[in-house]
Amino acid sequence: MDLLKTLRENCDLLALLSTVCDVEILPELKAPEDEFGHLTYNVSGKTFAVAGSGSEYILLEDGSVGYWGSEGACGRIADSMYDFFEIVIRCPYWQDYLCEEVYQDREKLGKFAKENFERLKESFKADGFDLSEAQQKLTDFLGLEKKVDVVDILMRFYYCAKREPRFIQTYTENDGSSHSGTGSLFDC
């Protein structure tokens with residue numbers, strides 16, 4: 001929580017986090033989206049950040065981080081706030097990494113991650129923005145390790161998203177019928 005407070009006090013870093021990672025830290029914690037009382041979750045938590053799409057990042061009661069997507073995806077993204085920032089900063093637009101088959105082979109995952117990063121880097125460069133430099137500023141500020149293997153980060157993300165208990169949403173219709181998700185972002 002101190003990390004969130006520290007981030008909230010630095011407007012430049014908040015803007016950088018939003019630009020690089022599509023993560024906007026909220027001024028204070030709030031209740032997760034409930035779709036006017038229709039949506040419930042099996043693990044309680046508080047929303048601490050949102051994406052441009054309206055999706056939410058939720059600090060769960062066990063200290064892990066859940067994700068509720070505005071398009072219906074719901075699941076765990078990280079086992080801790082530290083892991084959350086590591087995945088969103090080192091793998092911007094992490095939703096691009098939801099292809100489960102690439103996680104079956106570390107070499108294939110590494111190649112996929114490198115190609116994805118280069119594509120993003122070029123996209124940012126076309127807008128006059130240095131993605132690597134921005135990531136470095138964010139990792140320095142947050143005290144993330146300097147040298148990391150992005151495949152290790154992605155594998156932690158994969159195992160977290162698949163572990164039990166899953167973070168599951170249930171939508172209850174006006175007629176009382178309900179629909180629950182699987183709790184895995186990889187099942188989308």
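I count a contact when heavy atoms lie within 4.5 Å. The model is predicted: local features need pLDDT of at least 70, side-chain atom pairs count only at pLDDT 80 or more, and totals for chains, interfaces and linings use all residues. Residues are numbered from 1 along each chain as its sequence is written, and side-chain values use heavy atoms, with hydrogens and water left out.

**Entry 1: Glu86**

I looked up Glu86 first. Glu86 sits in helix 3 (residues 81-90). I take helices (H or I, at least four residues) and strands (E, at least two) as DSSP runs, numbered from the N terminus. Is Glu86 buried or exposed? Glu86 has 2% relative accessibility, so it counts as buried. For that label I use under 20% relative accessible area; exposed is over 50%, and partly exposed is in between (1.4 Å probe, protein chains only). Leaving out residues up to four places away in sequence, I find Glu86 touching Cys91, Leu144, Val148, Ile153 and Arg156.

**Entry 2: helix 3 against helix 5**

I checked how helix 3 packs on helix 5 (residues 131-142). The angle is about 170 degrees and the axes are 10 Å apart. Helix 3 is therefore roughly antiparallel to helix 5. Axes here are lines fitted to C-alpha atoms, for helices over the stretch in contact, and angles run from 0 to 180 degrees between N-to-C directions. Angles over 145 degrees count as roughly antiparallel, under 35 as roughly parallel, 65 to 115 as roughly perpendicular and the rest as oblique. Helix 3 makes the contact with Phe85, Ile89 and Arg90; helix 5 uses Gln135, Leu138, Thr139 and Leu142.

**Entry 3: cores**

I then looked for nonpolar cores, meaning sets of buried Ala, Val, Leu, Ile, Met, Phe, Trp, Tyr and Cys residues joined through side-chain atoms within 4.5 Å. The largest has 49 residues, and Phe48, Tyr57, Ile77, Phe84, Phe85 and Tyr103 touch the most other members. Helix 6 (residues 150-162) gives the most to this core, seven residues. A second, separate core has eight residues, among them Leu39, Val43, Leu60 and Phe167. I also listed the partners of Phe85, again not counting residues up to four places away in sequence: Leu3, Leu4, Leu7, Leu17, Ile25, Arg90, Leu142 and Leu144.

**Entry 4: aromatic pairs**

How many aromatic pairs does a search of the whole structure find? It finds 15. Rings of Phe, Tyr and Trp (its six-membered ring) pair if their centres lie within 6.5 Å; planes under 30 degrees apart are stacked, over 60 edge-to-face, the rest tilted. Tyr97 and Phe112 have ring centres 5.7 Å apart and planes at 90 degrees, so I logged the pair as edge-to-face. Tyr97 is in the loop between helix 3 and helix 4 (106-126), Phe112 is in helix 4, and they are 15 residues apart. Tyr97 is buried at 2%. Phe112 is partly exposed at 24%.

Tyr103 and Phe186 are edge-to-face too, because their centres are 5.2 Å apart and their planes stand at 85 degrees. Tyr103 lies in the loop between helix 3 and helix 4 and Phe186 in the segment after strand 8, so the pair ties together parts 83 residues apart in sequence. Both Tyr103 and Phe186 are buried. Ring pairs also link a cluster that includes Phe48, Tyr57, Phe84, Phe85, Trp94, Tyr103 and Phe186.

Last, I traced an open sheet of three strands, order 2-7-8, with antiparallel pairing. Strands pair if DSSP finds at least two bridges between them. Strand 2 (39-41) and strand 8 (178-180) are the edges; each has a single partner strand, so one side of each lacks a neighbour in the sheet. Three bridges join strand 2 to strand 7 (residues 169-172). Leu39 stands opposite Tyr171.
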